Each structure stands twice: as structure tokens, then as C-alpha cells.
Amino acid sequence: MIIKNVTVIDGTGGAGLPAMDVRIADGRFEDIRPSATAPSGDDGEVVLDGRGGYLLPGLWESHTHLTGFAMSLPEAERLPHIQRAMADYLNSGITSVCDLGGSVTQSRTIREAGRAGGTAASLYFAGPVFTSVQGWPLSFHGERSMAVEVWGVDEAHRQVEKLLDQVDFVKCIFDGKPRGGERVSLATLEAIIQSAHGAGKKVLVHVATGTDLREAIAAGADCIEHCFVPADPADGSEAEQSAALLAETGTLYCPTLVTWEQLGRSGDPAYLDELVADNISSAEDAAAIAARPTWGMPFPHHPADESQTRFDYGMRTLPLFHEAGVKLVAGSDIAMGMPSPGSALLRELQLFAKAGLPLSEIIATATGRAAEKIGKRDIVGTVTVGAVADALFLDADPLADISHLIDPRHRQAVISSGRLI
């Protein structure tokens, strides 16, 4: 396939490169060069006219829980439900999905089915998360295939080593929030990270407080998951301190703002109206969401008022993290107030724009940076020679307006491993 005379946005955070020809062969980007110097191609190749169009890497959902989407369904309906979600991701321009806590067996099945069918996003997964004895999320759902309890350094080494050859990365819960149960010890977290790094695996750490964040960075976490509950919502200095530490160590930061927006405003009709006005939901979607049994119900471990505070503080201080040079990553976590899992990631990108992040940075958070988070940037997540040819083709410039990236009317094609979807 050759895409001719297209503007390339490569996913590294830079400006677009106009009038480029992009050649794809064997599922990878084989050649990217100015149109005036590129050969016309061999007979039989698919040639797409890219004039007036923009080619960027396929988007990444870097923090979700596929099993969680389906837990309320009868067991026989869960896998088909998740497979439909994976197809929806791809149709939304999201070519890669990272599951941060679920059954290894189910994740393998989803991955293999997606590869065989060729119509689903690629899946990378952590398998079960590591947590304390009866810690979060076991204290919520008790699903043992989704979490492993560890109670000390030796046990941490043993359990991580059992899992390493089955997963793409490791996820640990390091949650010191009151009412959250006992947190794993710092020494235990260090042991988990040491074992994973010894096998070349990244470790993503869920935090709740600023103290959790700072200690997880000191322990060697590769990415911090979730913006934290501020000790004082009126004091921005905690965010400044955290941003400086993240930037100094090169630790990535995935704030999942849309998580706290949904939990903080669950049951609020005005929130659904806002999603409709922002083209995230349709009026029909909003009515269906309002009819869900979980809409407006309290969520264990994350009270609505605390979630709203977390969201407001995260939105207000996000520019501080960007200005400090923190490597931000996009992920949505949940989709309880969204029409589909894919729309939750698009809302996260929209929130980044509302917080004032530059559009080039927003694209990087959901492409190259997301691949870097799990150690895959050398092979996927960018439009560069040799990378897996996952791409999104738009008819309007996503560096000019965030709506050009999230509005499906601008989505002309999705390319997954070199296949035109």
C-alpha cells in the first residue's frame, strides 16, 4: 500500500510533515519520503490519495480493564461482549489496548481471537494485579483471577516470577488512601519492580495519594497510574513537587482524568448533556447511559465528592506537569458514563485539550508515549520506518483542533498492521 502526498504526524510530539508518500509492506512502514522523490510503486499495489489528509499513528488506550466491562453479565456473555468492545476500539481509531488487570486466560483468548479475525485492536496485558492481602480491588469484587495478594518480599519475588513469561508488563496497587485497606509495603513494591525489571518488563503502579506517588517513583515505577487525591485541594505545591520528581526521574504519568470525572458526576443529568454537547455521546446514548442500573450508584473506594476533588485538582494542575517536562500518557480506566469504551479514551484526550495541553503533546500521549509506557516504542506507536503500520487517516488537521481527532466524521480510514479497515 502507498499513501501519497499525505501530511504525516509521526507520534513523537513534533509538527506535521506535509506532502509525504508512505509505503507499507508486510504490516510495517517500509518507506516515508517527500512525494517528489518517491517512486510510483509497482503494479497491483493499493495507492491511496492522501492530498488534504493527515496520517498519524493509531491511538492507544493505555489503561483499561476489559474484564471489568463484562463482570455484571452472565459468564457466557462476557467474552463476546469484550470482543465487541475490541472491535469498537479499532473502529474508533484505537489500534492498541492495554489491559491493566484481568485474567491471563481470558486476555490470551481475546488476543488470539483478535489476531485471527483481523478486526479488533491489538491487546497488551498485565494479567492479575499485585495487591496487599484483601487490598484493592479484591476488597471490592473478590475476583481472584484479577489480583494476586502479596504479603512480603519473598512472596513478591515468587509470585512475579510465576507470571512474567505470561504477560507484557506488570501492574501493582500501591494505594495508601484511608478506607482502602492496608497498602503493600515499600519493600514489597521494590521487590516486585526488581523482579519485573530483571526480566525486562515495565511496572505500572496505581497510586491514591501524593505520598504513594513519591514513594512509587523512588521504588522505580515506570509509570504512575491515576492523578492523586490532594492533601489540600487549594495548594498546588504538592502537584509542583510531584511534577518535578516525575520529570527528574523520567517516570511516565497516566492521570486518567475521565475516571474521576465519571465517578464525580455519576447520576448528574447535566454531565450527560455536556457529553452530548462535546460530541462524545449522542442524545440516544445519553438516555441509554441514564437507564443503566449503575448510573448514579455510589462506587466503592471512590466516593463522588472525593472523585470530583481529584478531577478538579488534576485538571487545574495538569499544565504544571506538562511545563515541568513530565511524560504524560492517555488512559481512561472505566467507561461507566460513556457510550462505549473507545469513547472514554477520546474523552480523556478532549479533557487534556480543555486543560490546555498543546495538541501535538496530546497526540503523543495516545501514540508513541503510550507504546513507550509498556516498552514497545521501538516497534509500534509511531509512523516511522520499521514500525508496525498502525495508523489513523483523517481529513482534517488534528494539530489544529481536537475535534478533528475525536469526531468520527473526520475519520477516513484505520490501518491495523498494514490492513486497511
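**Stop one: a three-stranded sheet**

Three strands make up an open sheet, ordered S6-S7-S8, with parallel pairing. Select strand S6 (59-64) and strand S8 (122-125): these are the edges, each with a single partner strand, so one side of each has no neighbour in the sheet. Before going further, some housekeeping: this is a predicted model, in which local features need pLDDT of at least 70 and side-chain atom pairs count only at pLDDT 80 or more, while totals for chains, interfaces and linings use all residues. Residues are numbered from 1 along each chain as its sequence is written, and side-chain values use heavy atoms, with hydrogens and water left out. Strands (E, at least two residues) and helices (H or I, at least four) are DSSP runs, numbered from the N terminus, and two strands pair if DSSP finds at least two bridges between them.

Axes are lines fitted to C-alpha atoms, for helices over the stretch in contact, and angles run from 0 to 180 degrees between N-to-C directions. Which residue of S8 is the bridge partner of aspartate 99? Click on phenylalanine 125.

Next, show helix H2 (residues 75-91), which packs on the sheet and touches S6, S7 and S8; contact means heavy atoms within 4.5 Å. The direction of H2 makes about 135° with that of S7. Helix H13 (residues 341-354) packs on the sheet too, touching S6 and S7, and its direction makes about 100° with that of S6.

Select strand S1 (residues 2-8). S1 is mostly covered, with five of its seven residues buried; buried means under 20% relative accessible area, exposed over 50%, and partly exposed in between (1.4 Å probe, protein chains only).

Bring up the partners one by one:

- Strand S4 (residues 47-49) runs parallel to S1, with three bridges between them; look for isoleucine 3 opposite leucine 48.
- Strand S2 (residues 17-25) is antiparallel to S1 and joined to it by four bridges; valine 6 has methionine 20 as its bridge partner there.
- Strand S5 (residues 54-57) is parallel to S1, with two bridges; valine 8 stands opposite leucine 55.

**Stop three: H5 against H6**

Select helix H5 (residues 153-163) and helix H6 (residues 186-198). Their axes are 8 Å apart and the packing angle is about 30°, so H5 and H6 are roughly parallel to each other. For the labels, angles under 35 degrees count as roughly parallel, over 145 as roughly antiparallel, 65 to 115 as roughly perpendicular and the rest as oblique.

To see the contact, show Val153, Ala156, His157, Val160 and Glu161 on H5, then Ala187, Thr188, Ala191, Ile192, Gln194, Ser195 and Ala196 on H6. Colour them by type and you get seven nonpolar, four polar and one charged. (Ala, Val, Leu, Ile, Met, Phe, Trp, Tyr, Cys and Pro count as nonpolar, Asp, Glu, Lys and Arg as charged, and the others, Gly among them, as polar.)

**Stop four: H9 and what covers it**

Go to helix H9 (residues 257-265) and helix H10 (residues 269-277), whose axes come within 9 Å and cross at roughly 140°. H9 and H10 are therefore oblique to each other. Where they meet, Glu261, Gln262 and Arg265 of H9 touch Ala270, Tyr271 and Glu274 of H10. That contact divides into two nonpolar residues, one polar and three charged.

How many of the nine residues of H9 are buried? Nine of the nine. The cover over them includes H10, helix H12 (304-324) and H13. After H9, click on glycine 267: its phi is positive, near 90°.

**Stop five: two prolines in loops**

Proline 303 is in the loop between helix H11 (283-290) and H12. At 28% relative accessibility, proline 303 counts as partly exposed. Draw a C-alpha to C-alpha distance to leucine 263, 40 residues away in sequence, and you get 7.6 Å.

Last, select proline 398, in the loop between strand S15 (391-394) and helix H16 (403-406). Proline 398 counts as buried, at 1% relative accessibility. Leaving aside residues up to four places away in sequence, proline 398 touches Ile9, Tyr54, Leu56, Leu359, Ile363, His404 and Leu405.
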